[in-house]
Amino acid sequence: PNRLVLQKQLSQLQEDKKKHTLIIIKPTTYADARLSFGIRHANDYLTEVAKQLNIQLSGLDLASIDNKNGDKVNHISRFNDDSLAVILYDEITTDLIEQYAFLVNGAFEVGIYLVGTYLVGNVVIGIASFPLHASNVEELQQRALQAVDLAGKSSERWHIYQNDGSQFVQK
């Protein structure tokens, strides 16, 4: 599913006034794959990563973003050219984010074999919750992206957006 499907799901959750958390996942290998092998190869890589993440994160309390495949529920959405997104029901606690980050990193450490190339990479993760960090869908996406930006500069590789004066908190 693409960003439009994701926004529709986020809008529905907001309209229903349900607490939820947007987690944006940005694989660091995507840019290297795109530069080295081209956009088609990089997009195939991101599609495979999404499939692995969908399996890795199944069983968690995630929103179904698209269920057009009948029995196959999809929890992962393409956010933009180089990022994926997951919607978690409720707000995420700092304790739980470490578990989610571990699961997400696990999918990337296994690596992806694609067209004769084995790609192993890291990931940066940005997190923002509704209504804690944002009052609408656009704000939520913006805050999660801001958290992704700072996550790339930290050793933990993830950030939760904070509304207080410090703006961001890293565990």
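Among contacts in the protein between residues at least 6 apart in sequence, what share joins residues at least 24 apart? The share is 66%, where contact means heavy atoms within 4.5 Å.

This is a predicted model, in which local features need pLDDT of at least 70 and side-chain atom pairs count only at pLDDT 80 or more, while totals for chains, interfaces and linings use all residues. Residues are numbered from 1 along each chain as its sequence is written, and side-chain values use heavy atoms, leaving out hydrogens and water.

View 1. Helices (H or I, at least four residues) and strands (E, at least two) are DSSP runs, numbered from the N terminus. Of the 171 residues, 44% are buried, meaning under 20% relative accessible area with a 1.4 Å probe, protein chains only.

**View 2. The hairpin of β4 and β5.** Strand β4 (residues 76-80) and strand β5 (residues 83-89) run antiparallel and are joined by four bridges; two strands pair if DSSP finds at least two bridges between them. Two residues lie between β4 and β5. Ile76 stands opposite Val86 in β5.

**View 3. Helix α4 (residues 94-110).** Just after α4, Gly111 takes a positive phi of about 90°.

**View 4. The buried residues of α4 and their cover.** Buried residues of α4 include Ile97, Tyr100, Val104 and Phe108. Among the elements covering the buried residues are β1 (20-27), α3 (39-57) and β8 (123-130).

Notes: Buried < 20%, exposed > 50% of the residue type's maximum accessible area, 1.4 Å probe, protein only. Expected span 1.5 Å × (residues − 1).
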